[in-house]
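Hi there,

Here is the structure I promised to pass on. Have a look at it first, and then read on for what turned up.

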Amino acid sequence: MSALDSLFDLSALPDGVRAALGAFFWFALGSILMSLCGVIASRSMRGESVVSPPSHCDACGRALTPLELLPVAGYIHARGECSTCGVRVPSRHMWVELSGGVFFAFAFLRCGVAGMLWFAPLCMFMAVLTHIDCEHGVVPDRAVVALAALGLLGSAFSVRVPVLDALGGAAVGGGSLLLAAIAARLFTGKEGLGGGDVKLMLAAGLWLGVRDTSFALLLSIWAAGLVIAALLTVRKTAVGQEMPMVPFLAIGTLIASICAGDILAVYLGFVDWLVVRFM
């Protein structure tokens, strides 16, 4: 074994230490990729190149320093604003970077490196679409088509779910939200869900399959309900005010993609305990 190989040989370390080092690596990589997704989202909607010019303040054009480019830490260091012109930077950039890093670390611990090759593209698509929906209120068709194509391609090779399960997941994801949108229009006269949300869950269903898509929808509803209730409590929003739905769909999709089976097993075990205890 060469000196370089021995430097990176972690086999002698305890399993817990190796897992912690791996989780830290994927957390850092996930945060960096989520930061890149923010750049892709902003520049693609303005028709700009993702490669050049270097990252800069959109208001005054000042190039960002290396410290400001660090995911999460750069936002905290700058206190969420440009040090030159003082324009505020949306906090969602920091939260997407932080949550993306956590998702990457948890997915590595749960699925291993091979699973990360499947999870990383899904997470990046969701991050880009979250930024675009929050800033522009749209879900670009070209991004949804690309997400669907990759999901269908993966199912063709049974990377995670077989083709029939993937198609069923698409029907459940897109069909459920389509019915919800129609119901909202009939009973309230308003558009409760946009067509982009419906198409996004149709595409996500091709990645998840029937069971995990159903679970993702349930998690998305819970997440949206909790956030809306919290915002109403602190009077940060008003009843009837529109909110972007993609962030909640992304949260539900990513959690379901990692551990839907585990959470379902815990839930069923809890139900069994209740039945034995009280019936």
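Before the helix packing, one convention: axes are lines fitted to C-alpha atoms, for helices over the stretch in contact, and angles between N-to-C directions run from 0 to 180 degrees. Please also keep in mind that this is a predicted model.

With that in hand, take H5 and H8. Their axes come within 12 Å and cross at roughly 170 degrees. Angles over 145 degrees count as roughly antiparallel, so that is how H5 runs relative to H8. On the H5 side, the residues that meet H8 are Trp118, Pro121, Leu122, Met126 and Leu129, and their partners in H8 are Leu200, Ala204, Trp207 and Leu208. By residue class, this contact of H5 with H8 has nine nonpolar residues, no polar ones and no charged ones.

Now for the core. The largest nonpolar core holds 57 residues, and those with the most contacts inside it are Met34, Phe104, Phe119, Met126 and Leu147. Two or more residues each come from helices H2 (15-46), H5 (92-136), H6 (141-156), H7 (163-188), H8 (195-233) and H9 (246-278). H5 supplies the largest share, with 17 residues.

What does Met34 touch, leaving aside its neighbours within four places in sequence? Its contacts are Val96, Glu97, Gly100, Phe104, Cys123, Met124 and Ala127.

A pair of aromatic rings is described by the distance of the centres and the angle of the planes. Searching the whole structure gives six such pairs. In one of them, Phe104 and Phe119 have ring centres 5.7 Å apart and planes at 70 degrees, so the pair is edge-to-face. Both Phe104 and Phe119 are buried. These two also belong to an aromatic cluster, together with Phe25, Trp26 and Phe108.

Another pair, Phe270 with Trp273, is stacked, with 6.1 Å from centre to centre and 20 degrees between the planes. Both residues sit in helix H9, three residues apart, which is about one turn of the helix.

Key:
Residues numbered from 1 in each chain as written. Predicted model: local features only at pLDDT ≥ 70, side-chain atom pairs only at ≥ 80, totals over all residues. Heavy atoms only, no water. Core = buried A, V, L, I, M, F, W, Y, C linked by side-chain atoms within 4.5 Å. Buried < 20%, exposed > 50% of the residue type's maximum accessible area, 1.4 Å probe, protein only. Helix = DSSP H or I, 4+ residues; strand = E, 2+ residues; numbered from the N terminus. Contact = heavy atoms within 4.5 Å. Parallel < 35°, antiparallel > 145°, perpendicular 65-115°, else oblique. Nonpolar A, V, L, I, M, F, W, Y, C, P; charged D, E, K, R; others polar. Phe/Tyr/Trp six-rings, centres within 6.5 Å; stacked < 30°, edge-to-face > 60°.
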